Amino acid sequence: LVNGMGMAGVCLIRLKNIRPKFLPAFVGISSENAAHRIAVEWDDNGETKEGVFVPRRDTSSRMNTLLGGRLFPGMQKHADFKVEEHDDHYRIELTSDDQQTHLLVEGHLADELPKTSVFRSISEASQFFERGSLGYSVTNQQGQFDALELHSFNWRVRPLDVKNVTSSFFDNRELFPAGSVEFDSALLMEGIEHEWHGGDRLCSG
C-alpha cells in the first residue's frame, strides 16, 4: 500500500543488447516489452519483503516468446508495438497477437508528479518502485511462478505529464469493478545500466 492505496501498473521497457553476461554486446538482442505488475509484499522467515506479481508479459521479440519461461524466466506473449519519441514527447501503443492486451500511453516530460498522485514526491515514488525489483511471473504450470530480479546501477526517474492513457487490463471490469481503479502517474527512465537475475521458482500450495 502507498498512503492507503494498492498499486498496480505497466512497465514498458525497451531492452538493448540483452545477452548472457559473458558475451559481447554486439550479439545481444533488442526488443520492446510490457509487464503488467501488481505491487505485493510477503513474509519470508519472519521478514517482510516487497516485490511485484506479474500476471502478463508482452514483447515485440519472437525469440523472447519462444525462450521466455524456458531458457530464461517469464512467459511472454507476442505483441505489435508502435513507439514515437520526439521533443520530450512519448507515445507508446501495443496490441497483442491474441487481442488480450491493448495499451496506449501518451505524454511529455514534466517537472513534478500530478497533484492528485498518492506519492507525495518524486523521491517517494522512485524509492517505492526501486524496492519492487523482484517480480514473480505466471508460468504454464498452475501455482508456480518464475522469479526475475532487476539489478540497476544508475537508477533515476523523471515524471511524465500523461495526456492519454487506455488499458484493456485496467478497463476489465471483471478484474477491476467500476470505481475501484484510477490512473495515478507515470515515470520515465532512460539509459539505465542493469542486469536481470533469475531466482528460485515460487510454488503455492
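Trainee: This is a predicted model. Which residues does Ala186 touch, not counting residues up to four places away in sequence?

Mentor: Ala186 touches Arg158, Pro159, Leu160 and Val162.

Trainee: Which residues make up the largest nonpolar core?

Mentor: That core has 12 residues: Ala34, Ala79, Phe81, Tyr90, Leu94, Leu103, Val105, Leu109, Leu160, Val162, Ala186 and Leu188. At least two residues each come from β4 (77-86), β5 (89-96), β6 (102-109), β9 (158-167) and β10 (186-188). With three residues, β6 gives the most to this core. Apart from it lies another core, of seven residues, including Met7, Leu113, Phe119 and Phe128.

Trainee: What makes such a set a nonpolar core?

Mentor: Its members must be buried residues of the nonpolar kinds, joined through side-chain atoms within 4.5 Å. In soluble globular proteins, nonpolar side chains tend to be buried together.

Trainee: Why is Ser167 called buried?

Mentor: Buried means under 20% relative accessible area. Ser167 has 8% relative accessibility, and therefore counts as buried. Ser167 lies in strand β9. Leaving aside neighbours within four places in sequence, Ser167 is in contact with His36, His102 and Leu103.

Trainee: How do you know that the side chain of Ser167 lies within polar contact distance of Phe170?

Mentor: A polar atom of the Ser167 side chain lies 3.2 Å from the backbone nitrogen of Phe170.

Trainee: Why is Val138 called partly exposed?

Mentor: The class covers values between the buried limit of 20% and the exposed limit of 50%. Val138 has 28% relative accessibility, so Val138 counts as partly exposed. Its place is in strand β7 (residues 134-138). Not counting residues up to four places away in sequence, Val138 touches Phe53, Val54, Pro55, Met75, Gln144 and Phe145. Val138 and Gln76 are 62 residues apart in sequence, and their C-alpha atoms are 9.7 Å apart in space.

Trainee: How many disulfides does the rule give?

Mentor: The rule asks for a pair of cysteine sulfur atoms within 2.5 Å, and by it the count comes to zero.

How values were computed
Residues numbered from 1 in each chain as written. Predicted model: local features only at pLDDT ≥ 70, side-chain atom pairs only at ≥ 80, totals over all residues. Heavy atoms only, no water. Buried < 20%, exposed > 50% of the residue type's maximum accessible area, 1.4 Å probe, protein only. Helix = DSSP H or I, 4+ residues; strand = E, 2+ residues; numbered from the N terminus. Contact = heavy atoms within 4.5 Å. Polar contact = N/O pair within 3.5 Å; in protein donor to acceptor, adjacent residues only side chain to side chain.
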